[in-house]
Amino acid sequence: MKKKRSGKFKDLANRKGTKNLFFVLFFFFFIGGYLLFFTSRYWMQTSGGAKRLSPLNQEIDWNDRKVRLLRWEYSPDQKLMEVELAITNTAFDGMDKYQYSAWESRKGELNVKPVLEDSDWAVVQIRDVPERFGEISFRMEMPEDENAGMIRMYTNINDVEYTDRIDTKDKKGYQKQRFQTEITAYETEIEDLKKEIRKSEKQIGTITKEIEDMEAKKEYQTDEQKENTDKLISEALEKIDTLKETIAGTYADIEEQEERITNIKQQLEKLG
């Protein structure tokens with residue numbers, strides 16, 4: 001009889017142990033899931049959907065204005081970004097006051113501080129940038145014209161220009177930085193133009209070789225074949241002429257960029 005009661009107590013203890021184990025596992029997975037959800041913003045990758053990027057030095061037409069994004073830098077240690085814009089008011093309406101804001105894809109609105117504002121030029125800082133931000137939208141509006149709408153520019157954690165430190169400058173300091181940025185941009189454009197010239201010259205060399213081969217084959221061709229070959233050679237020569245014109249135009253573009261660099265350097269010297 002005692003053995004029977006002992007067996008019942010043993011079964012009861014086993015059931016209680018199983019039940020306790022269930023609650024322990026439930027508690028573990030519940031708390032684990034809770035922590036996973038609320039801490040994922042700190043450890044999960046945010047770059048997967050962060051793709052939009054506004055190119056530098058490209059004009060954006062907006063409300064009779066042309067806006068160019070000159071620079072967008074990010075200092076992770078300072079949690080700070082600096083955005084530089086060139087603005088051309090083609091309406092000449094005297095409305096040159098602009099309002100700026102910035103939004104991060106998860107945090108929402110960010111702290112924005114204009115540090116330089118002219119009618120045709122602005123430098124704006126975005127402060128307290130999240131460490132693991134995804135995509136940031138920089139917005140520009142006209143408080144004096146509600147119908148102007150909003151212009152948006154974008155950067156993301158993958159493509160933003162990183163820098164060790166961003167120092168807030170006076171107007172003269174920002175002018176020097178802008179001139180240096182423009183010189184670098186023109187120098188980069190010159191290198192790209194030189195690559196185009198080398199590519200065109202290589203293509204001319206290839207076509208010239210093909211013309212020589214076609215001329216050599218004419219010795220063993222019929223009159224009809226020679227006529228077709230001459231037609232092909234004529235088309236190839238026209239292609240060479242077109243490429244030479246393109247090269248001449250590209251050299252002219254290089255001269256223009258070089259002249260601009262010279263002018264900017266003169267302005268830099270005047271700043272001291």
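**Close-up A. Glu215 and its salt-bridge partner, Lys218**. In this predicted model, Glu215 is partly exposed, with a relative accessible area of 39%. Its side chain meets that of Lys218 in a salt bridge, at 3.6 Å from N to O. Lys218 itself is buried, at a relative accessible area of 17%, which puts it under the 20% cut-off. The salt-bridge count comes to 13.

**Close-up B. Lys209 and Asp213, a pair within helix H2**. These two sit four residues apart in the helix, or about one turn. They form a salt bridge, and the closest N and O atoms are 3.1 Å apart. How accessible is Asp213? Asp213 counts as partly exposed, with 34% relative accessibility. Lys209 is partly exposed too, its relative accessible area being 44%.

**Close-up C. Lys171 and Asp118, a salt bridge between distant parts of the chain**. Here the closest N and O atoms are 3.0 Å apart. Lys171 counts as partly exposed at 41% relative accessibility. For Asp118 the relative accessible area is 27%, again partly exposed.

**Close-up D. Arg65, a buried arginine in strand S2**. Strand S2 covers residues 65-75, and Arg65 has its place there. Buried or exposed? With a relative accessible area of 2%, Arg65 is buried. Which backbone oxygen does its side chain reach at 2.7 Å? That one belongs to Asn63. The Arg65 side chain also reaches the backbone oxygen of Met95, at 2.8 Å.

**Close-up E. A patch of negative charge on the surface**. Gathered here are Glu187, Glu189, Glu191, Asp192, Glu196 and Asp253. Which helix gives the most to this negative patch? Helix H2 (residues 171-217) does, with five residues. Asp253 comes from helix H3 (residues 223-271). Asp253 is partly exposed, at a relative accessible area of 38%, so it clears the 30% cut-off for patch residues.

Note on methods
Residues are numbered from 1 along each chain as its sequence is written. This is a predicted model: local features need pLDDT of at least 70, side-chain atom pairs count only at pLDDT 80 or more; totals for chains, interfaces and linings use all residues. Side-chain values use heavy atoms; hydrogens and water are left out. Patches are made of residues with over 30% relative accessible area and no salt bridge: like charges are joined within 9 Å, nonpolar side chains (Val, Leu, Ile, Met, Phe, Trp, Tyr) within 5 Å. Accessible areas come from the Shrake-Rupley method with a 1.4 Å probe; for residues, only the protein chains shown count as cover. A salt bridge is a side-chain nitrogen of Lys or Arg within 4 Å of a carboxyl oxygen of Asp or Glu. Lys and Arg count as positive and Asp and Glu as negative; His and the chain ends are not counted. The place of a charge is taken as NZ of Lys, CZ of Arg, CG of Asp or CD of Glu. Buried means under 20% relative accessible area, exposed over 50%, partly exposed in between (1.4 Å probe, protein chains only). A polar contact is a pair of N or O atoms within 3.5 Å; within protein, one must be able to donate a hydrogen and the other to accept it, and residues adjacent in sequence count only if both atoms are side-chain atoms.
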